[in-house]
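Thanks for making the time this morning.

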Amino acid sequence: MEFHQSSAATAAFDDAATINTPKIASPFYRHNMTSDKQSAGSNCCRICHEDESSEELIDPCKCSGTLGLIHASCLEKWLSMSNTDRCEICNLSFEIQRNYKPLLQSFRQWWRTRNRYGPQGITGDIVCLILLTPLCIAATYFCAIGASAYTKLGFWEGTGLTALCSILVATYCLWLIVTIRFHYRSWQQWRTRNQDVKLIVKHKPETCTIEFSNPLEDEFKI
């Protein structure tokens, strides 16, 4: 009887020591992702829904489960297109670096854009430029010849043709400047909103968690 009581007390003491000992979850137990994001066979990017066969899946934000896994290239493209630096689910701010696209590349992409940040009415302006430029040059040339001839003859019409020629050139130049400025600002706005995004931190910081259990409350009767 005493042997059984001693054995029970020893086992109870061992259980109490085991329960009261803090359990430390080491931050180095995984290679890249947290345990809740390593469900085998079901890992896929939440944007393209592809697995990590072509690119590593990362967990840069506080989202858990399958929503927390994403390709770095997919996330960078989404951040660039949406012009934001936060996760749309957990609202965590990503550590990113933004760089302007090369001029020629950004111009080509802006030209193919079909939303309000793309070229607005640029086709019509190009047609007007092609039609108005030779007409303006020809009209200015003939007005200048007429003004020169009338001025030599001493007629007042020469002054009128000179004024008309000046107004014509000034109007054309003003329209050209306003048009170029409008489309340049449109391109600059698109270029600012569509910068190349580079994700700096690809995995959220690890934290060491300590779990404490309740003390043993069982009573042993001998």
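Predicted model: local features only at pLDDT ≥ 70, side-chain atom pairs only at ≥ 80, totals over all residues.

Across the protein, which has 222 residues, 24% are buried.

Now the layout. There are five helices and six strands, and, read from the N terminus, the elements follow the order α-β-β-β-α-β-α-α-α-β-β. If we take the contacts between residues at least 6 apart in sequence, 66% of them join residues that are at least 24 apart.

The UniProt entry, which is unreviewed, annotates residues 126-149 and 161-184 as "transmembrane region". In the model, residues 126-149 are 100% helix and 0% strand, and the C-alpha atoms at the two ends of that span are 35 Å apart. Residues 161-184 are likewise 100% helix and 0% strand, with 34 Å between the end C-alpha atoms.

Next, a helix pair. How do α3 and α5 pack, and at what angle? Helix α3, residues 103-112, meets helix α5, residues 157-193, at about 105°, and the axes are 10 Å apart, which means that α3 is roughly perpendicular to α5. On the α3 side the contact is formed by L103, S106, F107, Q109 and W110, while α5 contributes H183, S186, W187, W190 and R191. Sorted by class, the contact between α3 and α5 comprises five nonpolar residues, four polar ones and one charged one.

Let me turn to charge pairs. As a general point, side chains of opposite charge can pair when their charged atoms come close. The structure contains two salt bridges.

One of them brings us back to R46, whose side chain meets that of E88 with an N to O distance of 3.6 Å. Here R46 sits in the loop between β1 (23-25) and β2 (57-58), and E88 in the loop between α2 (72-82) and β4 (96-99), so that the pair links distant parts of the chain, 42 residues apart.

The other salt bridge joins the side chains of D196 and K101, at 2.7 Å from N to O. D196 belongs to strand β5 (residues 196-199) and K101 to the loop between β4 and α3, so this pair ties together parts that lie 95 residues apart in sequence. D196 is partly exposed, because its relative accessible area is 30%, whereas K101, at 10%, is buried.

I would also like to look at α2, where the buried residues are A72, C74, L75, E76, L79 and S80. Which elements do these buried residues pack against? They pack against β2, β3 (70-71), β4, α5 and β5. Just after α2 comes N83, which has a positive phi of about 55°.

Finally, consider H71, which lies in strand β3. Is H71 buried or exposed? With a relative accessibility of 2%, H71 counts as buried. If its neighbours within four places in sequence are set aside, H71 is in contact with C45, C48, E50, D51, E52, E55, E56 and L57.

That is where I will stop, and I am glad to take questions.

Methods
Residues numbered from 1 in each chain as written. Heavy atoms only, no water. UniProt positions renumbered as here; feature names shortened; annotations may be inferred. Helix = DSSP H or I, 4+ residues; strand = E, 2+ residues; numbered from the N terminus. Axes fitted to C-alpha atoms, helices over the stretch in contact; angles between N-to-C directions. Parallel < 35°, antiparallel > 145°, perpendicular 65-115°, else oblique. Contact = heavy atoms within 4.5 Å. Nonpolar A, V, L, I, M, F, W, Y, C, P; charged D, E, K, R; others polar. Salt bridge = Lys/Arg side-chain N within 4 Å of Asp/Glu carboxyl O. Buried < 20%, exposed > 50% of the residue type's maximum accessible area, 1.4 Å probe, protein only.
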